[in-house]
Amino acid sequence: MIRRASRLTILVIGLLLIVYTLFFLRIDNKALKLVTGSSATAHATELTGKKAELARLRLLTQCIGIIRRYYIAPKLIKPKQMLISALKAVENLVPEVMIKTFGKPPSEVAVRVAYKQQKFNIAKLKDLYQMNWRLLDIFHFIAANLPNDLDPADVEYTAINGMLKTLDEHTIFLPPKAYAEMKLDTKGQFGGLGIVITVRKGYITVVSVMPGTPAAKAGLHSRDQIVQIEDETTLNMPLIDAVSRLRGKPDTKVLIYVKRKGWSVPRAFHITRKVIHVRSVESKYLGNHIGYVSLKRFQEDSAEELRQYIDKLKYKHHINGLVLDLRQNPGGLLNQAVECARLFLDHGQIVTTTEVSDMDGETYEALGDAPYANIPMVILVDDGSASAAEILTVALKRNHRAIIMGNRTFGKGTVQIMQDVGKGALKITIGQYLGPGRVSIQGVGIMPHIELIPVTISKKEVHLLNPDDQPKEKSLYKLKAMGPLEIDKPLFKLHYFLPDKTSQDNNDDGEPPLPKTDEEDPSKDFEVQLAARMLQKGGRANADKFFKHALPVLQETASQQDQLLTQEFKKFKKNWSEGPLPADLKLKAFVTAVPKDGAKAGGSVTFFIAVANQSNQPVYRIHGVTKSDEGVLDGQEFAIGMIPPHHTGRTKLTIPVPASVDPALNLVRFKFLAGQKKLKVSTHSLVLFKSLHRPRFAYVFQVQDRGGNGNGLAEPGETFNLVFDITNVGDGAARKLLTTLQNKSGHGVLVRFGRKTIKHGLGVGMTRQVTFKVSLTKEFKQSTLKLALYYGVETEEFPVGRHKYTRLQATGTTGKAPEYRHRGHGAPGDDISWCRQISASLVHRGTRGLFEGRGQTGGILQDRHGGRQVWIYRYCQGQGGQWRGKIHRIARTPRLCHGPAGGLYHKHQGPDCITVTQGQGHRQRQGHILWSGPSVQKGLCVRG
């Protein structure tokens with residue numbers, strides 16, 4: 001009994017200890033946080049619809065799985081950096097989102113959406129799965145607090161591409177619309193009208209009409225302006241939006257309105273869409289049994305199309321030489337590049353593709369039955385020839401099959417695949433391709449046998465060196481090459497004179513002219529003409545033998561072009577005669593920059609360059625180029641010419657300074673050449689850039705519907721004016737200012753007049769009035785009209801009337817109409833601050849009708865009709881020069897919180913307070929004004 005009682009006592013004591021532990025001991029909150037992370041709070045909110053989809057990150061999760069399986073460079077996968085990059089991309093998209101990291105390396109990230117904030121631990125992110133889980137927590141919080149006017153799908157697309165930005169430049173996510181366009185490009189056919197369009201003076205303008213297409217049969221011409229598509233204006237419409245509206249299913253109709261020179265009013269065209277086949281190949285007979293074929297891209301049927309065009313040239317003109325033009329060919333499908341190479345190669349390797357999981361890779365070879373293996377060829381390339389175009393080029397070069405002529409190619413040696421993700425796709429780099437001999441062109445491109453260097457000479461500038469204006473792959477995020485690099489020197493260099501054709505159409509926007517028909521004729525192109533003459537001399541299928549036979553043609557052409565350049569330099573009083581370098585070569589260079597006290601932004605800097613020849617013999621063709629870390633000052637060329645012995649040659653170089661430059665002291669080095677030989681002589685100069693005081697803009701607007709019912713609201717069936725009073729509230733004057741109005745609501749909106757240039761600019765404090773005219777069709781169904789005013793980036797939402805309202809008397813500073821809004825605009829790098837100096841009345845349709853008041857931005861308006869108070873809320877974020885604002889809240893009892901500018905504001909008695917934070921934005925400082933109630937702090941200023 002005693003033993004049984006002891007056991008019972010022990011059992012009771014144990015139970016009491018358990019109860020005591022459960023009910024009396026304190027559980028450490030930190031331990032709970034360690035288990036649940038920050039998702040405990042975030043997942044308390046139940047989400048529905050598109051916000052729930054964003055919180056699940058279904059597309060981003062699929063992309064992570066694909067990256068883990070296929071990506072070529074696992075060492076570039078850094079989960080923590082990818083997570084932060086994804087959040088920063090969302091921050092740039094959504095003004096209400098602010099991201100701040102803590103620690104080096106970052107161990108915690110604070111995410112703020114509007115006036116709510118939450119912190120997330122990212123210290124132990126070691127792989128993509130851990131990153132994915134943490135992003136799920138973060139985006140559940142973001143989705144729960146995301147503004148209702150933002151599409152959550154766009155937020156996820158942005159986050160994915162932000163994450164991918166840490167990898168290579170070619171791994172990107174294509175949203176559904178972009179993916180659909182890409183598939184059309186690779187297929188080479190779509191339902192459409194058969195026109196090539198661009199944007200000129202705000203209107204969709206026809207560049208060319210394809211023969212035999214619906215557009216040609218309907219009578220459309222080059223330079224026609226498409227001013228309306230169905231019931232939507234095209235004025236200031238983005239080009240991609242116009243393309244999507246003109247394309248559609250075959251045999252469906254589209255109504256367009258066309259304006260043409262000589263027509264008093266636009267005319268309607270009802271056109272039925274048909275299947276449009278986009279040709280990737282064009283051909284022309286150059287005479288003397290020489291054919292020309294241009295391969296523009298590698299799409300699904302390019303190899304067969306190329307075969308058909310060459311067969312036609314052989315059958316009709318009996319060609320015995322071919323010029324294959326791959327200039328500006330961006331690439332395309334790998335298999336088509338291989339099939340095109342097999343048309344010309346009957347033996348040898350074409351390309352080897354390697355992947356991280358298969359270093360040996362897959363090799364593609366010629367099949368032995370090439371139909372054009374014996375036709376002599378010249379291939380034209382430039383720095384726009386990339387990817388599949390480089391596969392074809394390097395295969396024919398290294399198999400000694402063709403002469404390559406032009407400029408070094410782009411240098412994209414990577415292979416991508418498309419993986420469907422939802423309705424979009426992930427384009428991911430999975431490997432590299434290697435040319436015959438397993439050489440890589442990644443980052444270096446392919447050097448042609450014959451390097452052609454165009455020379456332009458004008459009063460203001462000269463270009464004697466090989467241009468390198470377009471971005472090269474080596475300037476992008478470079479993946480490590482998987483094979484030896486294809487580094488060759490050209491067998492021959494040829495400078496040729498290229499007339500300056502930089503004249504532009506007479507328009508206020510400085511847009512380049514539309515292409516002219518005669519400029520598209522390849523027979524008038526110098527490089528095509530030179531290739532044809534080389535083939536006429538007696539081309540060979542073997543490139544080495546061909547070059548020997550073509551060398552006299554190249555030497556003769558070089559001599560002719562040299563004489564032409566010498567004559568051209570004489571027009572500018574420069575002696576460009578040629579001669580040897582003196583044995584006792586001794587040169588000394590000097591340079592002076594004017595103005596000496598610094599160059600103002602928007603002005604120019606002039607360098608006076610002098611080279612003293614202290615030799616006993618003349619020196620010839622002295623010219624040079626600048627080198628500087630400041631892009632504006634880098635790569636600027638100048639020419640002096642021949643300098644007699646013991647004389648000094650002089651020239652000047654004037655460089656415009658953009659108005660947007662930052663203040664900086666810049667070092668400029670001057671390198672000199674004699675002809676093509678680099679000289680050891682050099683000099684340098686220091687240039688101080690002085691930035692301008694920058695303009696900033698605020699505006700009020702009003703709706704004038706005097707032709708309608710006059711209630712000051714935009715209504716279906718009405719045509720009305722939008723009058724903007726734009727004021728420069730910055731510290732500097734604005735030069736000529738183009739303002740445009742763009743439809744953001746889609747169908748049923750016609751912007752009648754939507755472009756206005758303020759030619760004389762805006763001085764500090766000056767106001768100019770701009771009037772636009774807009775019509776709404778009777779079928780317009782939306783409750784708000786979204787229009788974008790561009791002088792920066794601003795989107796306004798106008799309430800659309802559906803019922804009769806009592807018209808209120810306007811009390812604004814202009815005293816015209818009752819609809820006013822306030823916005824501010826700043827340039828990148830500007831300080832972020834309240835714009836308090838503009839006063840105006842404000843009328844807004846609230847939940848209980850209309851309210852009206854007067855006050856300052858950042859202040860309180862008293863409703864004269866209902867006694868309510870309105871706080872004018874201006875949300876400022878320095879992202880790309882964009883400021884946004886809106887009416888934040890209506891309240892009866894606003895509270896005032898005090899504190900220093902840029903500080904953290906607290907009010908213990910209630911939730912209504914202002915929170916001011918500062919953070920590091922993309923390329924610039926930024927400030928966010930955030931709050932949870934209608935509080936006011938006059939004179940508040942956040943400096944970034």
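Which residues are buried in H15? The model is predicted: local features need pLDDT of at least 70, side-chain atom pairs count only at pLDDT 80 or more, and totals for chains, interfaces and linings use all residues. Residues are numbered from 1 along each chain as its sequence is written, and side-chain values use heavy atoms, leaving out hydrogens and water.

**Figure 1. The chain has 16 helices and 48 strands.** Helices (H or I, at least four residues) and strands (E, at least two) are DSSP runs, numbered from the N terminus. Of the 944 residues, 51% are buried. Buried means under 20% relative accessible area, exposed over 50%, and partly exposed in between (1.4 Å probe, protein chains only). A contact means heavy atoms within 4.5 Å. Among contacts between residues at least 6 apart in sequence, 68% join residues at least 24 apart.

**Figure 2. E1, E2 and E3 form an open sheet of 3 strands, in that order, with antiparallel pairing.** Two strands pair if DSSP finds at least two bridges between them. The edge strands, E1 (97-102) and E3 (116-121), each pair on one side only. From one strand to the next, the twist averages 20°. Axes are lines fitted to C-alpha atoms, for helices over the stretch in contact, and angles run from 0 to 180 degrees between N-to-C directions. E1 and E2 (residues 108-113) are joined by 6 bridges. Val-97 faces Val-113 of E2 across the pair. Helix H6 (residues 79-93) packs on the sheet and touches E1 and E2. The direction of H6 makes about 150° with that of E1. H7 lies across E2 and E3, at about 180° to E3. The loop between E1 and E2 holds Pro-105. A cis peptide bond, with omega about -5°, joins Lys-104 to Pro-105.

**Figure 3. Helix H15 (residues 526-536) is mostly covered.** Of its 11 residues, 8 are buried. They are Phe-526, Glu-527, Val-528, Leu-530, Ala-531, Ala-532, Met-534 and Leu-535. Asp-525 caps the N-terminal end of H15. A side-chain oxygen of Asp-525 lies 2.9 Å from the backbone nitrogen of Glu-527. After H15 comes Gly-538, with a positive phi near 120°.

**Figure 4. The largest nonpolar core has 92 residues.** A nonpolar core is a set of buried Ala, Val, Leu, Ile, Met, Phe, Trp, Tyr and Cys residues joined through side-chain atoms within 4.5 Å. Ile-67 and Met-163 have the most contacts inside this core. Helix H7 (residues 128-145) gives the most to it, with 8 residues. Leaving out residues up to four places away in sequence, Ile-67 touches Ile-77, Met-82, Leu-128, Met-163, Leu-164, Leu-167, Leu-426 and Ile-428. A second, separate core of 29 residues includes Phe-607, Ile-609, Val-668 and Phe-689.

**Figure 5. Tyr-71 sits in the loop between helix H5 (58-70) and H6.** Tyr-71 counts as buried because its relative accessibility is 3%. Its side chain makes a polar contact with the side chain of Asp-168 at 2.7 Å. A polar contact is a pair of N or O atoms within 3.5 Å; within protein, one must be able to donate a hydrogen and the other to accept it, and residues adjacent in sequence count only if both atoms are side-chain atoms. Tyr-71 and Ile-430 are 359 residues apart in sequence, yet 5.1 Å apart in space, C-alpha to C-alpha.

**Figure 6. An open sheet of 5 strands runs in the order E26-E32-E31-E28-E29, with mixed pairing.** Its edge strands are E26 (599-600) and E29 (637-643), and each pairs on one side only. Antiparallel strands E28 (residues 619-627) and E31 (residues 664-674) are joined by 6 bridges. Gly-624 has Phe-672 of E31 as its bridge partner. Arg-621 is in strand E28. Its phi is positive, near 50°, though the residue is not glycine. With 9% relative accessibility, Arg-621 counts as buried.

**Figure 7. Thr-651 lies in strand E30 (residues 647-656).** Thr-651 is buried, at 14% relative accessibility. Its side chain reaches the backbone oxygen of Ala-639 at 3.4 Å. Beyond its neighbours within four places in sequence, Thr-651 contacts Lys-574, Phe-607, Phe-608, Ile-609, Phe-638, Ala-639 and Ile-640.
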